[in-house]
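Please read the following account alongside the sequence and the coordinates. It goes from the whole chain to single residues.

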Amino acid sequence: MPVPPANPKIYHITHVNNLPSIIAAGELISDASIIQQGGPPAAVGMSKIKQRRLGLPVTCHPGDYVGEYVPFYFCPRSVMLYLLYKGNHAELTYRGGQGPIVHLECDLKTVVDWADANGRRWAFSLSNAGAYYVEFKRDLAELDQIEWNAVAATDFRSSDVREAKAAEFLLHGSFPWDLVERVGVHSMPVGQQVTTMVAAGAHHPTVEVKRDWYF
């Protein structure tokens, strides 16, 4: 197994139009909570998969379900972003491409320290947390069980690489906006939008155009 990065980062992707409500609330919330509130301003995921995640157990926390957690990938330029970029998956209703999608980057260890200090459950999966056969962990000492070569891979035509690249970090319930360190965007116009949105809140993460995070 490859050695985990010294300071792993985690990434949540969302539509830029969702940022104002996230910033105003001071947090991201789980799909279970979003559904209770009537859905996000701009939905980009696959509703069938989101529904399935509501019933998939997080096995290291008995009684919890994947959809009750806020999900992050261990890399930008994820398989999900590729699906949004191509826009031709039968289960996708979103057809707006990758341009309006933003990456929220956070430091894994900072997040875990916050979660432990605040009694908030967290876990990570070794592959796509929306799959029936996924394995969950709740000890950072087991990060070496993630296939880090797959996480970093730019060629994920192999199903094994694709599944391992989709490993997720999950935080139960909600995720504080002030743990977001950087917002990566596709273009300068989107960056200007995000900068204006971020300025309206109390927490001001760095906003950067990161074309290498996109396809």
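This is a predicted model: local features need pLDDT of at least 70, side-chain atom pairs count only at pLDDT 80 or more; totals for chains, interfaces and linings use all residues.

Residues are numbered from 1 along each chain as its sequence is written, and side-chain values use heavy atoms, with hydrogens and water left out.

The protein chain contains eight helices and 10 strands; helices (H or I, at least four residues) and strands (E, at least two) are DSSP runs, numbered from the N terminus. Its radius of gyration is 16 Å, close to the 17 Å from the globule rule for 215 residues, so the chain is as compact as a globular protein of that length. That radius is taken over C-alpha atoms, and the rule is 2.2 Å times the number of residues to the power 0.38. Along the principal axes, the C-alpha atoms fill a box of roughly 40 × 40 × 35 Å. Of the 215 residues, 50% count as buried, where buried means under 20% relative accessible area, exposed over 50%, and partly exposed in between (1.4 Å probe, protein chains only). Among contacts (heavy atoms within 4.5 Å) between residues at least 6 apart in sequence, 74% join residues at least 24 apart.

Next come the aromatic rings. The whole structure has 10 aromatic pairs; rings of Phe, Tyr and Trp (its six-membered ring) pair if their centres lie within 6.5 Å, and planes under 30 degrees apart count as stacked, over 60 as edge-to-face and the rest as tilted. Tyr82 and Phe156 form an edge-to-face pair, because their ring centres are 5.5 Å apart and their planes stand at 80°. Tyr82 belongs to helix H4 (residues 79–86), whereas Phe156 sits 74 residues away in the loop between helix H6 (148–152) and helix H7 (159–165). Tyr82 is partly exposed at 30% relative accessibility, and Phe156 is buried at 9%. A second pair, Trp122 with Phe169, is stacked, because the centres lie 6.0 Å apart and the planes are at 25°. This pair links strand E5, which holds Trp122, to Phe169 in strand E7 (residues 167–172), 47 residues apart. Trp122 is buried at 8%, and Phe169 is buried at 0%. Ring pairs also join Tyr82, Tyr85, Phe156 and Phe215 into a cluster.

Strand E5 (residues 122–128) also contains Ser127. Is Ser127 buried or exposed? Its relative accessible area is 11%, so Ser127 is buried. Beyond neighbours within four places in sequence, Ser127 contacts Tyr133, Val134, Glu163, Ala166, Ala167 and Glu168.
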